[in-house]
Amino acid sequence: MIRKEGSTKMKVRQLYEPPILPYHYIVELEDGTFKMFGMYGGFRKITEKDLMTVYYKPQKDHKAVNEWLYALYGLEKIQT
């Protein structure tokens with residue numbers, strides 16, 4: 001993951017809510033890889049330590065989340 005100098009937000013392409021994993025989000029990183037994190041512990045700034053490897057891409061039944069959720073997790077959505 002790339003963080004710009006002075007930036008505190010992790011830059012991501014998209015955030016998805018997988019239907020088969022409640023209380024988790026799948027995040028598409030700047031480089032196109034997918035990672036997952038749990039929502040346990042409430043809203044907080046997500047760091048690289050929170051991310052788990054995902055071995056598949058989100059499918060059509062994975063909903064993209066509302067953009068206001070990005071800020072609650074310390075994420076910044078980038079345009080691709």
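**The nonpolar core**

The largest nonpolar core has 15 residues, and those with the most contacts inside it are V12, L15, Y25, F37, L51, Y73 and L75. A nonpolar core is here a set of buried Ala, Val, Leu, Ile, Met, Phe, Trp, Tyr and Cys residues joined through side-chain atoms within 4.5 Å, where buried means under 20% relative accessible area, exposed over 50%, and partly exposed in between, for a 1.4 Å probe and protein chains only. Two or more residues each are given to this core by strand 1 (10–17), strand 2 (24–29) and helix 1 (68–72); helices (H or I, at least four residues) and strands (E, at least two) are DSSP runs numbered from the N terminus. A second, separate core of 5 residues includes Y16, I26, M36 and V54. This is a predicted model, in which local features need pLDDT of at least 70 and side-chain atom pairs count only at pLDDT 80 or more, whereas totals for chains, interfaces and linings use all residues. Residues are numbered from 1 along each chain as its sequence is written, and side-chain values use heavy atoms, with hydrogens and water left out.

Leaving aside residues up to four places away in sequence, V12 touches V27, E28, L29, Y70, L75, E76, K77 and I78, a contact being heavy atoms within 4.5 Å. In soluble globular proteins, nonpolar side chains tend to be buried together.

On the surface, F43, W68 and L72 form a nonpolar patch with about 350 Å² of accessible area together. Such a patch is made of residues with over 30% relative accessible area and no salt bridge, nonpolar side chains (Val, Leu, Ile, Met, Phe, Trp, Tyr) being joined within 5 Å and like charges within 9 Å; a salt bridge is a side-chain nitrogen of Lys or Arg within 4 Å of a carboxyl oxygen of Asp or Glu. Accessible areas come from the Shrake-Rupley method with a 1.4 Å probe, and for residues only the protein chains shown count as cover. L72 has its place in helix 1 and counts as partly exposed because its relative accessibility is 33%.

As for the whole, the protein chain comes to 1 helix and 6 strands, which follow the pattern β-β-β-β-β-α-β along the sequence. Of its 80 residues, 38% count as buried, and residues 24 or more positions apart account for 50% of the contacts with a separation of 6 or more.
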